[in-house]
Amino acid sequence: IPPRERLPAWIRSPIGNATALEAVQGVVKQQRLHTICEEGRCPNRGECYAAGTATFLLGGPICTRSCAFCQVDKGAPPAAVDDDEPERVAQAVDTLQLRYVVLTAVARDDLDDHGASLFTRTMAAIRRRRPEVAIEVLTPDFWGGRQGEEEGRAAQRTRLAAVLAAEPVCFNHNLETVERLQGEVRRGATYRRSLELLAAARELAPALPTKSGLMLGLGESFADVVACLGDLRDVGCQRLTLGQYLRPSLAHIPVARYWRPEEFDALAGIARELGFTQVRSGPLVRSSYHAGEA
Ligand code: SF4
Ligand code: SF4
């Protein structure tokens with residue numbers, strides 16, 4: 001039985017805006033782009049597109065890592081960097097008159113800068129056409145630890161600094177899951193390094209809000225999640241997204257549990273008490289959900 005058939009009643013996609021959906025899908029296809037919205041068949045597409053928001057996936061459709069939950073293709077060698085991608089993203093943003101754009105990228109551990117310039121070049125291209133568009137970045141960890149911990153950390157910081165210097169409106173890096181489940185769920189990233197990246201962003205750009213998110217339903221307990229929220233606050237993280245993990249296919253890690261809407265609400269209350277200033281928590285919340293709203 002496909003997992004979709006076992007979804008609980010509270011996981012329902014909102015009725016989309018068909019016109020906005022068609023417009024975005026047409027332009028994304030025509031420009032040969034990749035979006036998390038479409039590749040992940042995100043349940044919020046109608047809503048987000050109608051609000052002028054979309055999440056572009058930079059660096060091609062193939063990732064050099066292989067996280068157990070992620071629907072992005074992996075395994076095959078990554079494609080050569082497409083020098084024209086920033087212009088095509090910018091053109092799509094312009095054609096669709098998007099107001100709030102989230103840029104994310106596959107992990108490109110094969111590149112010297114681990115993909116940092118994918119962000120900076122695309123931000124520059126968007127701003128040449130539409131300087132008023134707000135751009136949030138949702139980055140991989142830019143970790144380049146081949147040379148050892150210290151050199152890896154220094155290189156990660158340099159890549160992060162380059163992205164922050166391009167002045168996004170928000171720096172987002174997801175922890176994805178609680179500390180205990182990191183090894184099972186993520187590949188190549190660690191809890192500590194991700195927290196360090198968020199801490200470094202606060203240090204390098206103190207005026208810029210930082211954001212992180214978790215998927216629930218992978219086997220974590222309520223206490224695990226609360227501990228993780230505390231760790232995020234300890235590195236000054238201000239914005240939070242909590243959503244239900246939905247298994248993209250039978251080849252992906254199974255759902256351990258569907259968290260109930262009232263549990264998401266309870267966690268949102270705790271997050272606010274801990275000092276998060278923007279909290280999105282609910283079964284269908286994704287890391288870019290309602291990102292452009294205060
Ligand atoms: Fe795209 Fe994020 Fe909205 Fe989903 S929540 S449609 S991924 S912008
Ligand atoms: Fe997916 Fe990102 Fe993991 Fe790559 S690094 S498999 S894109 S979650």
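Colleague: Which residue puts its charged end over the ring of Trp 259?

Modeller: Arg 257 does. Its charged end lies 4.3 Å from the centre of the Trp 259 ring. Bear in mind that this is a predicted model.

Colleague: Noted. What does Trp 259 form an aromatic pair with?

Modeller: Phe 222. The two rings are stacked, with 6.3 Å centre to centre and 20° between the planes. The pair links distant parts of the chain, 37 residues apart. Phe 222 is in helix H9 (residues 222-234), while Trp 259 is in the loop between strand E8 (239-244) and helix H10 (261-274).

Colleague: Is Trp 259 buried or exposed?

Modeller: Buried, because its relative accessibility is 1%. Phe 222 has 33%, so it counts as partly exposed.

Colleague: How many aromatic pairs does the structure hold?

Modeller: Two. Phe 119 and Phe 142 also form one, and that pair is edge-to-face: 6.0 Å centre to centre, 90° between the planes. This pair too links distant parts of the chain, 23 residues apart. Phe 119 belongs to helix H5 (residues 116-129), and Phe 142 to the loop between strand E5 (134-138) and helix H6 (149-165).

Colleague: Why does Phe 119 count as buried?

Modeller: Because its relative accessibility is 0%. Phe 142 is buried as well, at 1% relative accessible area.

Colleague: Back to charges over rings. What sits over the ring of Phe 276?

Modeller: The charged end of Arg 233, 5.7 Å from the ring centre.

Colleague: Switching to strands. How many residues of E7 are buried?

Modeller: Seven of its seven; E7 spans residues 210-216. Thr 210, Ser 212, Leu 214 and Leu 216 point one way. Lys 211, Gly 213 and Met 215 point the other way.

Colleague: Which strands does E7 pair with?

Modeller: E6 (residues 170-172) pairs with E7 in the parallel sense over two bridges. Phe 171 has Thr 210 as its bridge partner in E7. E8 also runs parallel to E7, joined by six bridges. There, Leu 214 has Leu 242 as its bridge partner.

Colleague: And what path does the chain take from E7 to E8?

Modeller: Through H9. That β-α-β crossover is right-handed.

Colleague: Last one. What surrounds ligand 2?

Modeller: Cys 63, Arg 65, Cys 67, Phe 69, Cys 70 and Ala 107. By class, the shell has five nonpolar residues, no polar ones and one charged.

Note on methods
Residues numbered from 1 in each chain as written. Chains lettered and ligands numbered in written order. Predicted model: local features only at pLDDT ≥ 70, side-chain atom pairs only at ≥ 80, totals over all residues. Heavy atoms only, no water. Near = heavy atom within 4 Å. Nonpolar A, V, L, I, M, F, W, Y, C, P; charged D, E, K, R; others polar. Phe/Tyr/Trp six-rings, centres within 6.5 Å; stacked < 30°, edge-to-face > 60°. Helix = DSSP H or I, 4+ residues; strand = E, 2+ residues; numbered from the N terminus. Buried < 20%, exposed > 50% of the residue type's maximum accessible area, 1.4 Å probe, protein only. Lys NZ or Arg CZ within 6 Å of the ring centre and 35° of its normal. Pairing = 2+ DSSP bridges. Right-handed = clockwise from strand over helix to strand, strands pointing away.
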